[in-house]
Amino acid sequence: MSRTWAYLSNYLVYSSMALYALSFIAHAVETAWAVRVTTEDSKKNMDYKRTEKVARIATAMMILGFVLLFAGVVARGLSASRVPWGNMYEFSITGALAFSGAYLAALRKHNIRWLGLLVSIAVLLTLGTAVAVLYRPSAPLVPALKSTWLVVHVSTAIISGGVFLLANAIAAAYLYLDRMETRGERKAWAKRLPSLEDLDQLSYRLVAFVFPLWTFSVIAGAIWAESAWGRYWGWDPKETWAFITWVAYAAYLHARVTVGWRGRKAAWLCLFAGSTFLFNYVYVNIWGTGKHTYSGL
Amino acid sequence: MSQEIEVPELGSVGLLRYGWRQLTSMRTALILLLLLGVASIPGSLIPQRTQNPIRVGEYFKNSPELAKWMDQFFLFDVYGSPWFSAIYILLFISLIGCVLPRTIEHFQAARALPPATPKNLDRMEHHTSWSVQGDELELARAWFKSKRFRVLEKDGSISAEKGFTRETGNLFFHLALILVLLGISFSSLFGMRGMAILNVGERFVNTTTSYDSLNYGKLFNEKNLPDFALTVDKFVAKYNLVTSSPEDYTLDVKFAKGDLTQSELRTIKVNSPLKLGNTSIYLQANGYSPVVTVRDSKGNVAMQGPVPFLPQDSNLRSIGAIKVPDADPQIGFVGSFVPTYARSGAEGAVSVFPEALDPRLLLAAWIGDLGLDGGVPQSVYRMDTSKMTQVGLKSLKPGETFVYPQGSITFEGYFQWVNLEIVHDPGKNFALLGGIVAILGLLASLFTRRRRIWIRVGKTVEVAGLAKNAAPGLDVEIAEFVAKLKGEK
């Protein structure tokens, strides 16, 4: 029974990868198509009607991929009768799910479809790495992980991470477009992307929205550590980097709200803060030592 | 042309005031905050004494020069180092210096009425006007009241303000961080943390001498040790048959508190310690203690009982030393215990499963000087064989005896042992409270907008608004307000 669920989960994850790939291709076609329209038309009036259909297909593929990946993550959990957050393969597929989920949720309110190209390829690469390098057979949890706090701590950490990385992608887009604008006009394909001010605001609002959740995740982790390891804070490498990420985002929020940083400086600080999160996930999980490393990865 | 320039004397008080202003400035706080993040990095890359003393030892062994140099900069004790402490203490002083005046200011502002309506509303943002239709002022008053604005009404105009929660939340967040830091310092000053290895069946009475290792804060008083005793009743470890990884540990103890007359049965698991006030008892590790009887050549018992062995891998192959200092000459055994025995070509005896399905005790017997009288502390799991001679090697099943010229040793069986960590942490609830208040404050401060809305009714009705920090959403709110005044649904 548990084997069946594990196989089903693998098939669902593979299928979702195919859909994310299709979404990536559709986004790429959309971007390329828009450029070709401009060469035919006069320079400033761009006709998006022709690419609208492809763009819709791209988003639809992404939603389908999200649904399949969600089912894959759930099936993975059912295969071991627990939440699917026991090793790095499981963190990665859930993280990819959270990242594309954050994008799709933000897409409902903001016009950020242009980010789809970046999101789909990032999800595809994450899932590819997870399947090819990080895969471990489904197994029960070690005693230290058997706690309700696993659900609370890990789910909030994954959601926070997804949103942080989305804010990072937007901050990176800001810096790229900012450079393009200081050198002259935006290139044709970049013209439909939001204004620099909008990008600046959006990445700030994403961080401000998710910073309390990250704080909560760290505190939930501390409460759990107190009951599992006998101390709520022990400067374990993972704890230390979670703290560094927290401090970096706190500095980012202060810099914006109190000191009034905007634009380039704020975007760099946002990128720095986000990279501390990534470093924590990649470096500390794979090469680090400490209490957050369990058997396998 | 040497003319003396009058330089206003700064003086020591002025200097102090200048320093204080610099320290409590937002820019300094921001730099200190980033510095705290950067200062935490080395401790996550270099092994720390508190987390991994063995790897620190390896550093000193492999490159003693470098390690000594690094030690001078406290790189193996980053989080207790003077420079790390300096950063966070400065940060918290800066924080207090920033937050306290703001608290007072906010307290006063919260009781004051909003400032009067500006004269020229058309210069403000979100300005709209229309000719008077009826009772706009009345409707506005009701709307402000229903939305819980604080209002000042004067000469046919209302100035309304809302969103004080933003600053309240902000201040609570920062004050809560101070509470967290106080909780942590309280724990480290008044707390204690000890380890004890107990065989199944053994009894532990909570006094300082019962511990194998004990660390406590500068202000910890032995009298604060709660009175309790416990007897290890039963320990069950369940392992996955395929992967050998542990699935569950359950420890049952007979627990007696107070005057120790009545005991009750309690269970300790990895994620559920036994709690007694601010003291918690954790199950941290487990292993095997082979039980042996050592006899001299005449058959007299020289030593008898369980000896804890230290696990080396996930299948609990364990090593240990059995020392008999009272024998003449002194005798000792370097041993390894494997719970489920198998032979591997390269490594010799190995364990293939952590449960004791087919246990073996492998012993090397040594005769000579155990080196215990020199006063140099020795690990109980290792033996210094430099002044000893080996007299035999043997692999024993339970019940078997190994006879060597000077006597014999019988492998009677084994006990399981558990390592209990007993922690007295009086500050953790303050830290927890601080954490909860910090999150609530953060939510309040990030999700409320402070804004003012004005209305003046003369020949025309004029409405305008102002949002602090250019927070979005005021246009929507004013549109709703205007629609209400115009009687639109």
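## Contact between the chains

Two residues are in contact if their C-beta atoms, placed from the backbone, lie within 7 Å. By that rule, 40 residues of chain B are in contact with 37 residues of chain A. The model is predicted.

Several elements of chain B supply at least two residues each to the side that touches chain A. They are helix H2 (26–45), strand S8 (246–257), strand S11 (279–296), strand S21 (407–424) and helix H8 (428–447). H2(B) gives the largest share, 11 residues. By residue type, this side of chain B divides into 19 nonpolar, 16 polar and five charged.

## Nonpolar cores

The largest nonpolar core holds 150 residues. Phe99(A), Leu166(A) and Tyr252(A) touch the most other members. Helix H6 (residues 196–229) of chain A contributes the largest share of this core, 16 residues.

Tyr252(A) touches Val207(A), Ala266(A), Leu269(A), Cys270(A) and Ala273(A). Residues up to four places away in sequence are left out of that list.

Another core, of 14 residues, lies apart from the largest one. Its members include Phe144(B), Trp454(B), Val463(B) and Phe481(B).

## Domains of chain B

Chain B is divided into four domains: domain 1 (12–105), domain 2 (113–163 + 449–485), domain 3 (188–286 + 420–436) and domain 4 (289–417). Domain 2 and domain 3 are each written as two segments. The C-alpha centres of domain 1 of chain B and domain 4 of chain B lie 48 Å apart.

## Strand S15 of chain B

Strand S15 (residues 330–338) of chain B has nine residues, and eight of them are buried. A residue counts as buried if 20 or more other C-beta atoms lie within 10 Å of its own. S15(B) is therefore largely enclosed by the rest of the structure.

S15(B) pairs with two strands of chain B, S14 and S18. Strand S14 (residues 318–324) of chain B pairs with S15(B) in the antiparallel sense, over seven bridges. Five residues lie between S14(B) and S15(B), and the two strands form a hairpin. Within this pairing, Ser318(B) has Phe337(B) of S15(B) as its bridge partner.

Strand S18 (residues 360–368) of chain B also runs antiparallel to S15(B). Nine bridges join S15(B) and S18(B). Here Ser336(B) stands opposite Leu362(B) in S18(B).

Key
Residues numbered from 1 in each chain as written. Chains lettered and ligands numbered in written order. Predicted model: local features only at pLDDT ≥ 70, side-chain atom pairs only at ≥ 80, totals over all residues. Core = buried A, V, L, I, M, F, W, Y, C linked by C-beta atoms within 7 Å. Buried ≥ 20, exposed ≤ 12 C-beta atoms within 10 Å, placed from the backbone. Helix = DSSP H or I, 4+ residues; strand = E, 2+ residues; numbered from the N terminus. Domains from an automatic or database assignment. Nonpolar A, V, L, I, M, F, W, Y, C, P; charged D, E, K, R; others polar. Pairing = 2+ DSSP bridges.
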